[in-house]
Amino acid sequence: MAEMRFDRETISNAVHTKWAGKTVHFAEEVNSTNEWAKTLGKEGAAHGTLAVAEYQSAGKGRLGRRWTAPAGSSVMMTILLRPDFEPQYAPMLTVVMGLSVAQAAQRMGVDTSIKWPNDVVVSRKKICGILTEMSVEEGNIRYVVIGVGINVNLDTLPDELADKATSLYLETGKTYDRNEMVAYVMECFEENYERFVKSGDLALLQEDYNRMLANCGQPVRVLDPLSPYEGIARGIDQKGELVVEKTDGTVVCVSAGEVSVRGLYSYV
């Protein structure tokens, strides 16, 4: 199957939203879409502006990790936001985007779930990386950028990632229209973001999120550096913290630290 066109025009034609991804910037190659979106933000780009690249020469993941994917295989994009809320609410946007990507993949017919907090997974392997960065001036948010990298038509993975990462193509054997993937993510994100802003937290998204949460009802080991413990994940609260019922019956809300899910994933 020939690769469908993927450029500013095809993406713009696919996106049917009020503001999310309404303005599309496209490049064959950039260092990182997050860095590009920050530059657009400094230049006054509007809320909802979307930067999409075919290839990133210096893509960034969490904790400064590199994110690379061959041209034609993935969706690499960053949305620029100019929220009115306080900076402390911005970290929850990563959860909002994780939910949006998972919903978009489901719309494309792929059985998708979420590993808390924002790993989008298919067949218990990760298909998406999300990186949220913020610029604050005098205590107010100047802009937020949310970078998203989705393994769509990737047909090979390095050996060291094969047990913990995958792509839609590797899981289904089908090639997907990346324009459609961008459009669905933008549509889902716009709706989820507006619900988030309305309540000021994740209360209006909790039910949708917990329905897709792979950890829900599953045993987890919370790797607290001081005293690790085990329990059953019961879903997220309105702040996006993972509610864990410990073996002694007490309930705790986890916000920091890594949570590994025992017996469910091979990559944790």
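Buried here means under 20% relative accessible area. I am working from a predicted model.

**Entry 1: salt bridge count.** I looked up the salt bridges in the structure. I found 16 of them.

**Entry 2: R178 and E54.** I checked this pair for contact. The side chains form a salt bridge, at 2.8 Å from N to O. I then looked up where each partner sits. R178 belongs to helix α5 (residues 178-199), and E54 to strand β2 (residues 50-56). The two are 124 residues apart, so I noted a link between distant parts of the chain. Are R178 and E54 buried or exposed? Both are buried.

**Entry 3: K126 and D119.** Next I looked at K126. K126 makes a salt bridge with D119, with 3.4 Å between the closest N and O atoms. I looked up accessibility for each partner. K126 has a relative accessible area of 25%, so I logged K126 as partly exposed. D119 comes in at 14%, and I logged D119 as buried.

**Entry 4: R211 and D208.** I moved on to helix α6 (residues 206-212), which holds both R211 and D208. Their closest N and O atoms are 3.2 Å apart, in a salt bridge. Why are R211 and D208 separated by about one helical turn? Because they are three residues apart in the helix. R211 counts as exposed, at 57% relative accessibility. D208 is buried, with a relative accessible area of 17%.

**Entry 5: network.** Which residues are linked with R211 and D208 in a network of salt bridges? I found R195 and E207 in that network.

Note on methods: Residues numbered from 1 in each chain as written. Predicted model: local features only at pLDDT ≥ 70, side-chain atom pairs only at ≥ 80, totals over all residues. Heavy atoms only, no water. Salt bridge = Lys/Arg side-chain N within 4 Å of Asp/Glu carboxyl O. Helix = DSSP H or I, 4+ residues; strand = E, 2+ residues; numbered from the N terminus. Buried < 20%, exposed > 50% of the residue type's maximum accessible area, 1.4 Å probe, protein only.
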